[in-house]
Protein chains: 4
Amino acid sequence: MSEFFPEVPKIVYGGPTSRNPLEFKHYNPDEVIGDKTLKEHLRFSVVYWHTFSNPLSDPFGAGTAVRPWDDGSNSVPNAQRKARAAFEFFEKLGAPFYAFHDRDVAPEGKTLRESHANLDEVVKVFKDEQARTGVKLLWGTANLFSNPRYMHGAATSPNLDAFAYAGAQVKKAMEVTHDLGGGGYTFWGGREGYSTLLNTDMKRELDHLARFLHLAVDYKKQIGFTGTFYIEPKPKEPTKHQYDSDTAACLNFLRTYDLLPHFKLNLESNHATLAGHEMMHELEAAIGAGALGSIDANTGDPLLGWDTDQFPTSIYLTTQCMLCILGMGGFTTGGVNFDAKVRRESFEPIDLFHAHIGGMDAFARGLKVAHAIIADGRLSSFVTERYRSWDSELGRRIESGNATLTELEAYILPKGEANKNASGRQEMLENLINEFI
Amino acid sequence: MSEFFPEVPKIVYGGPTSRNPLEFKHYNPDEVIGDKTLKEHLRFSVVYWHTFSNPLSDPFGAGTAVRPWDDGSNSVPNAQRKARAAFEFFEKLGAPFYAFHDRDVAPEGKTLRESHANLDEVVKVFKDEQARTGVKLLWGTANLFSNPRYMHGAATSPNLDAFAYAGAQVKKAMEVTHDLGGGGYTFWGGREGYSTLLNTDMKRELDHLARFLHLAVDYKKQIGFTGTFYIEPKPKEPTKHQYDSDTAACLNFLRTYDLLPHFKLNLESNHATLAGHEMMHELEAAIGAGALGSIDANTGDPLLGWDTDQFPTSIYLTTQCMLCILGMGGFTTGGVNFDAKVRRESFEPIDLFHAHIGGMDAFARGLKVAHAIIADGRLSSFVTERYRSWDSELGRRIESGNATLTELEAYILPKGEANKNASGRQEMLENLINEFI
Amino acid sequence: MSEFFPEVPKIVYGGPTSRNPLEFKHYNPDEVIGDKTLKEHLRFSVVYWHTFSNPLSDPFGAGTAVRPWDDGSNSVPNAQRKARAAFEFFEKLGAPFYAFHDRDVAPEGKTLRESHANLDEVVKVFKDEQARTGVKLLWGTANLFSNPRYMHGAATSPNLDAFAYAGAQVKKAMEVTHDLGGGGYTFWGGREGYSTLLNTDMKRELDHLARFLHLAVDYKKQIGFTGTFYIEPKPKEPTKHQYDSDTAACLNFLRTYDLLPHFKLNLESNHATLAGHEMMHELEAAIGAGALGSIDANTGDPLLGWDTDQFPTSIYLTTQCMLCILGMGGFTTGGVNFDAKVRRESFEPIDLFHAHIGGMDAFARGLKVAHAIIADGRLSSFVTERYRSWDSELGRRIESGNATLTELEAYILPKGEANKNASGRQEMLENLINEFI
Amino acid sequence: MSEFFPEVPKIVYGGPTSRNPLEFKHYNPDEVIGDKTLKEHLRFSVVYWHTFSNPLSDPFGAGTAVRPWDDGSNSVPNAQRKARAAFEFFEKLGAPFYAFHDRDVAPEGKTLRESHANLDEVVKVFKDEQARTGVKLLWGTANLFSNPRYMHGAATSPNLDAFAYAGAQVKKAMEVTHDLGGGGYTFWGGREGYSTLLNTDMKRELDHLARFLHLAVDYKKQIGFTGTFYIEPKPKEPTKHQYDSDTAACLNFLRTYDLLPHFKLNLESNHATLAGHEMMHELEAAIGAGALGSIDANTGDPLLGWDTDQFPTSIYLTTQCMLCILGMGGFTTGGVNFDAKVRRESFEPIDLFHAHIGGMDAFARGLKVAHAIIADGRLSSFVTERYRSWDSELGRRIESGNATLTELEAYILPKGEANKNASGRQEMLENLINEFI
Ligand SMILES: [Co+2]
Ligand SMILES: [Co+2]
Ligand SMILES: [Co+2]
Ligand SMILES: [Co+2]
Ligand SMILES: [Co+2]
Ligand SMILES: [Co+2]
Ligand SMILES: [Co+2]
Ligand SMILES: [Co+2]
């Protein structure tokens, strides 16, 4: 049980005055907020790719990560040892969930058949470790972007074979996810986009992408997998422009191809800001469409134009997320998934603990602040009151689709001018939020 | 006929070697490209707001525009004189179309009734001038954002009266547009968005916006107006976040509320780039949905974060636009509408001519280049060839929805690896474009 | 004393549990932190332009501000009444300082002489009100950008007369600032920049700008004004590119023209981020050069590309500012100047109070947090420890300029590889900051 | 001579009507423009790192580059074979120059001594190949950012050993550059910057950076290397914030530490735009300080926030560059260095030819256009005329430092208002540029 992080104890709750970097200051998993424990509200999940498979390289330099359990080989035993290290990490951290891509967990073989077999060997360890620890799979997915075969995309590749290969990979990844009792399966658009429009038939590529997702929907039914299908928007990187660029683009795509009933969105903070939206905007846009499923909790650097995938530490950000999530009634199959990585300079195993503890504390605070704001009631009362004029006879007529422009003209012409507006009170409301932070 | 721009002759085509700033170098209206004249292809339109009503102020300084026909009064006769100056400009420039908001052309009165009456007085001049010159109205619209009554939006205002007032204003503007034989009517979302999510019920506001557009659709039918309804995306400014932020957001909204059959998009270059998309992306996204109607032709400064609405002069940009527009078969009711303004430092009437001549020449060149690229055929052949693998038996099965993941796996497992990819040849294609510029 | 804001009492400290929007939750002016009171540390200043002269218009709409003391006339008595309203505001808010441009406070006349006279009339009221209330002038300045005469810049105008006029205006504004006992005088580059490089002789314009500042330095000496000269960087807006774009550009310019001894920087948060820098970067860059003088405290919207000048409410931002300011030993002549404006939708006088109270509370919290972090010592110890290897014999030799590349090679060649790096611990340090927030 | 690119002939000039992708359309090396041949004007240089050492990986996927001469080993013979392939490429392309980092050309050994030895082995091939082909070294440099030892920077590392190692590496790279007759040596700041300010002593790091450069200046003198030292600004990536962020930051740094006499700038287009400046701005800023040395010719994607290092194909960009470079009298030791890489999807050797041919043609056109604009004279006359008022008695007095504010006031007060401004004519000038494109 203490093979891989011998110096790290089980992370416990030390309270706000603790100065121990390896204790939670705010995340007390069994504390009840409203009708649920923090653990039930937040459903934290650790991602395998950044935390266990990312060498911490960047485009200008080699990996720096020091991972004592990794012998550097591309072997199955090495992958299995990494899996056990991962579960020790999940357990010590107290994360109830994890998430992975097929290629994060097992080495790619020389053939697809070999890759399948490698994956199966590691999944056996996952099964054992899940049973031993109670940690569950939030969602699985397939990596359809790293191998050069996917250079032009997978479902949207001009190369039919890339599509077929991707289909076979998704089939296997879905089976494995199902087998592990995963709560969902995520489609992130990897290289589904373009490098230049000059060589691209965008319409045909989108048609192919829709066909691909329909194939997955069909197969899900066939194997009886009842987890949620998530689609994760991102506007750019690695491609110049990804098709699933933001919530609106995903919803429009899903509506166009009759896929909306089968998908919910997995929204990532850093992808939201790269697309020019606040995370709260994306959350509300998805919630308004009944389509929010889960979140990838991280943060970007607002001054950098790439996906920095940093651990979230801003209480403002976590409060906004939790206001939305509490507002929609909380997660069902989804959770707070840390799609975040330590900086390249934070290369030691202990940094992985600092990073996750900080993110979990930040979300625990965000939850508490959001709950308090909702309980206080002033914010929501203000908003309700602001639309009061619509709760009139005329307002109701318009909202129910029974008014006409002629009627509106007849109402306003004799008045000559509209009733006065009220101040939007943005500054007062921003101060109100600060009362709780 | 030469009352307002006495020193400016009718702008004629001088050809590429002309060094006269008041001659076209490339726009020869009656020259035939493919099956149409340049005039028919490009359907240039001058906007009233920037060219005749913009004082060239900015947030840091007063207006600089010197407009000899403007006596500075807010009177109807002044507005009528401006109208005649505008038509002299359209005529000398040789622009076959123009576009306006209600409040650009006539002063706002103390009551809505008075504003209606003022508008009617100017519209009379428009009618006369249209008859005299043959210049036509590309589209009309209503200004639902300048008056403080619209501070919180118009259709999305929490103040019911703002909605009602906006409805009455749109009713009148549609009537006037119909009366002038306008080819369309445009909805740009002015302040339909928010300054902060803290005080905003986004879902309710979007419901109201949809109701508003349905009211307009109903009234259009009622009065027998057969022009096209356009919706114009813009991501931000004046609000922090506009609901109609880009093509995808508009299409998603229109689909959600069963409005798609009634609207086409009017895409503006500068709004595309502010939303993080190339204009060509937005054009192709709209064309793919059968929803491209018209374009607002301008350019932004890629290093500035606001809508600079500059006149387009990049042949690369105009070529890309015309590749898309020729690709979809050309405009029907829409056109190339210069929603562009001269810089605050270009404050003399002659600058308006320089600016439009430059924009028209740039689009004429873009048209010629795009036509030549299409006639050459290498670019489209390359793209077609790139997807050749899909024209196979398996490709057809997938495209027609008759494949399964199991079948794909059965195909690829024995192969072990996908067929090799071909180079995307981006650099070669960029060079190919340069062959024609 | 209660003429203009009759419903607003003197703003008092209510403490963190107060729910009264018109009480301070954290700013207790006489509370001592370290060796000074909060009032002495923070030296809050209200800006006249945004708070008393901004109509809250934007490029898409008319002003919305409701200011009962303003009769809408461009008269001196109206300006004097506004001055008294302003001092009532300063007093009720408890702001010890204010700042203004010449044209904010008094109407521009038909001639410069008339403008001077108008200014003098309002300055008399300022003098009386300063005496009555004890409120002081943090700094004065001249508006060299709003009038069309400055369309091409003032000191950098190609029009010599604009330069001369600007010189005369600065002369007067310096005299008035001196007369009012102002602690400083600020040069913000208004339109000192360009709209296009095509028409610009950048080198000649920069030479002129330097001459202009030297003229001011000379005149300062002549009249015996001992306040600080500040230069305020901003990268863009209103011009496409301002010469004083950021701290580095200002320092380089000042060094080039032998002006560095005469100027300190006034750094604005929103200008920092528009230039692509964190405010903390700009502060440290200026402090490193011994050139930080004062700050314009506001915040931008990281998703918007223009200067939103919002009131600061993020405790992270204010903590970072105060870490730097405490680190350099606090302000001398400078202060925390709220160069911030309420949103266009926050148009009532009471919104001005909400906004300033929120900003003052945010900075008071930032000060307390920063002080606690410094007192705690872990952060600075970590940094010191991180550079420990430099406190060696070789480190000292290098730092003092006594090493050579040959010596370095001789040291490292036999070792073959450098000593191991230590983790940068970014996540742990971010968590540490959160311990104090 | 045709070992590595057997199907590619020597690239010849085919003229503007050529449709052969392997011919120049505009770059005719011996054609004379003004007083020099195109070859002498443009001094094209190929970069070793992108063209011969970049595997075309990205943060989301493995390398795709197919390079038949590369056996995949990290051996010296493999590196030597690559060197011969590179010179065959230079020769067939007709590039007179190349540039490299130490680690691009030879494998890093287990010790620094071994790395030195590996480098020497490859440099022997370079010497032979230079002699055989006449191709010259534009500049050399050392890679001080890829190895994990440099994770915290090299000259600015908190780890003294990283500094020492970097010093030894620079010493060797300078020797090698000198030995190969290189025209210059470039310092690009790799990781000289920070990931977070929380763990950074910015002032101490900048002091170290200055010391490092002084060491290099001393050693240059010692070995008698007379080439130019270049410093290359870049604002971010790989670090969050690089110290040499733009021209102004570099000049300010160089002035602060008395280094300006020893350095010129190597400006890269994509770095300029990442820093928020047009390339033309950076060029003029450097030229104004007498500090422009060379350019890294590429282009960024204005919608992407990272360094895409694309080959330049916009004639507008190349025209602007050449207007500046011709304006300063042309290059001396510097040149047009293609610090650009083919897209990851352009993975075949032939793509390297397409890319360079396109970039060379684009710069040849830019040169011809710029020369024609200068010969035409209208643009520069307009600019000169615009500042005419400064060529007056008063203008001369101000420019020579003999005026006072009092004198300016005495001049303008009686006039009351400044002389009228003239229009900036931005649109006319943009059209003028288009006359030549
Ligand atoms: Co994610
Ligand atoms: Co991400
Ligand atoms: Co528009
Ligand atoms: Co626009
Ligand atoms: Co400011
Ligand atoms: Co500002
Ligand atoms: Co470079
Ligand atoms: Co670069």
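## Helix packing in chain A

The crossing of α5(A) and α6(A) is right-handed, a crossing being left-handed if the near helix is turned anticlockwise from the far one by less than a right angle, and right-handed if clockwise. This is a predicted model, in which local features need pLDDT of at least 70 and side-chain atom pairs count only at pLDDT 80 or more, while totals for chains, interfaces and linings use all residues. Residues are numbered from 1 along each chain as its sequence is written, chains are lettered from A and ligands numbered from 1 in the order in which they are written, and side-chain values use heavy atoms, with hydrogens and water left out. Helices (H or I, at least four residues) and strands (E, at least two) are DSSP runs, numbered from the N terminus.

The axes of helix α5 (residues 112-133) and helix α6 (residues 160-179) of chain A come within 11 Å and cross at roughly 15°; axes here are lines fitted to C-alpha atoms, for helices over the stretch in contact, and angles run from 0 to 180 degrees between N-to-C directions. That angle makes α5(A) roughly parallel to α6(A), in a scheme where angles under 35 degrees count as roughly parallel, over 145 as roughly antiparallel, 65 to 115 as roughly perpendicular and the rest as oblique. On the α5(A) side the contact consists of A:Leu112, A:His116, A:Leu119, A:Asp120, A:Val123 and A:Lys127, which meet A:Tyr165, A:Ala168, A:Lys172, A:Val176 and A:Asp179 in α6(A), where contact means heavy atoms within 4.5 Å. By class, this contact has six nonpolar, one polar and four charged residues; Ala, Val, Leu, Ile, Met, Phe, Trp, Tyr, Cys and Pro count as nonpolar, Asp, Glu, Lys and Arg as charged, and the others, Gly among them, as polar.

For helix α10 (residues 279-288) and helix α11 (residues 315-327) of chain A, the axes come within 9 Å and cross at roughly 10°, which makes α10(A) roughly parallel to α11(A). Here A:Met279, A:Met280, A:Leu283, A:Glu284 and A:Ile287 in α10(A) meet A:Leu317, A:Gln320, A:Cys321 and A:Cys324 in α11(A), and the contact divides into seven nonpolar, one polar and one charged residues.

## Helix packing in chain C

In chain C, the axes of helix α3 (residues 76-93) and helix α5 (residues 112-133) come within 9 Å and cross at roughly 25°. The two helices are therefore roughly parallel to each other, and the crossing of α3(C) and α5(C) is right-handed. The residues of this contact divide into seven nonpolar, four polar and five charged; among those in α3(C) are C:Val76, C:Ala83 and C:Phe87, and among those in α5(C) are C:Val122, C:Phe126 and C:Arg132.

## Cobalt sites of chain B

B:Asp296 lies in strand β13 (residues 292-296) and B:Asp339 in the loop between β14 (336-338) and α12 (349-376) of chain B, so the pair ties together parts that are 43 residues apart in sequence.

The cobalt ion (ligand 4) is held by B:Glu268 (OE), B:His271 (NE2), B:Asp307 (OD) and B:Asp309 (OD), at 2.0 to 2.5 Å, and its four donor atoms subtend angles of 74 to 157°, which makes the arrangement irregular. Its donors follow the spacing E-x2-H-x35-D-x1-D along the chain. B:Glu268 bridges the cobalt ions (ligand 4 and ligand 3), which lie 4.4 Å apart.

## Cobalt site of chain C

The protein donors of the cobalt ion (ligand 5) are C:Glu232 (OE), C:Glu268 (OE), C:Asp296 (OD) and C:Asp339 (OD), at 2.0 to 2.1 Å, with the sequence spacing E-x35-E-x27-D-x42-D. Its four donor atoms subtend angles of 89 to 159°, which makes this arrangement irregular. C:Glu268 also bridges to the cobalt ion (ligand 6), 4.4 Å from ligand 5.

## Backbone features

A cis peptide bond with omega of about 5° joins A:Glu237 and A:Pro238, and A:Pro238 is found in the loop between β10 (228-232) and β11 (241-242) of chain A. In chain D, D:Leu56 has a positive phi of about 60° although it is not a glycine, and this residue is found in the loop between α2 (48-52) and α3 (76-93).

Definitions and conventions:
Donors are N, O and S atoms within 2.8 Å of the metal (3.2 Å for Na, K and Ca); water is not among the atoms, so sites may look incomplete. Four donors count as tetrahedral if all angles lie between 85 and 135 degrees; four count as square planar and six as octahedral if opposite donors are over 155 degrees apart and all others between 65 and 115; anything else is irregular.
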